[in-house]
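Please keep the sequence and the structure in view while reading.

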Amino acid sequence: MKHFVVAGALVGPRGVLLCHRTPRRLYYPDCWDLPGGHVEAGEKPHEALVRELREEVGVTATLDGNPWTHLEDAAAFDGGLDLRIWAIDQWRGEPRNVAVDEHDALGWFDSSALSGAKLAHSAYLGLLSELLEHSSQ
């Protein structure tokens, strides 16, 4: 069964917000990932992301339209991964680690810090570097 997942790239003056997954997580342990999670039955993807961001980092995001990018990975998980990522530059609240059972740290990463981080997905470095480049213009 394919896993339908949504994530948000919160972009601010200090870079992009990433959550460090605890080493005991089943999927992508001990690495930096975008906040987000699974789309539940009956949820629209953007609704799931607003819920996940509130549950994980305590913010209410303003989403504009469709996802910024979409990744599919047939080898990830059992049945594959369908990941939709929104670029978010507007939200209410100060990001904080609300899901301490899932994450042991939050961090803001600029382009140079991204290159040295252990990221959850191999496509993140290029995608997030490009996003940060465009957001600074």
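## Overall form

With 137 residues, the protein chain would have a radius of gyration near 14 Å if it were a compact globule, and its value of 14 Å agrees with this; the radius is taken over C-alpha atoms, and the globule rule is 2.2 Å times the number of residues to the power 0.38. This is a predicted model, in which local features need pLDDT of at least 70 and side-chain atom pairs count only at pLDDT 80 or more, while totals for chains, interfaces and linings use all residues. Residues are numbered from 1 along each chain as its sequence is written, and side-chain values use heavy atoms, with hydrogens and water left out.

## Helices and strands

The protein chain has three helices and nine strands, which are DSSP runs numbered from the N terminus (helices H or I, at least four residues; strands E, at least two). Read along the sequence, their pattern is β-β-β-β-α-β-β-β-β-β-α-α.

Of the 137 residues, 45% count as buried, meaning under 20% relative accessible area with a 1.4 Å probe and protein chains only.

## The largest pocket

A pocket is an open set of points on a 1 Å grid over the protein atoms alone, where a 1.4 Å probe fits, with protein on both sides within 12 Å along at least five of seven lines; lining residues have an atom within 4 Å of a point. The lining of the largest pocket has 23 residues, and Val5, Arg21, Asp33, Gly36 and Gly37 lie nearest its centre. At least two lining residues come from each of β1 (3-12), β4 (36-38), α1 (45-57) and β7 (81-88).

Notes. Buried < 20%, exposed > 50% of the residue type's maximum accessible area, 1.4 Å probe, protein only.
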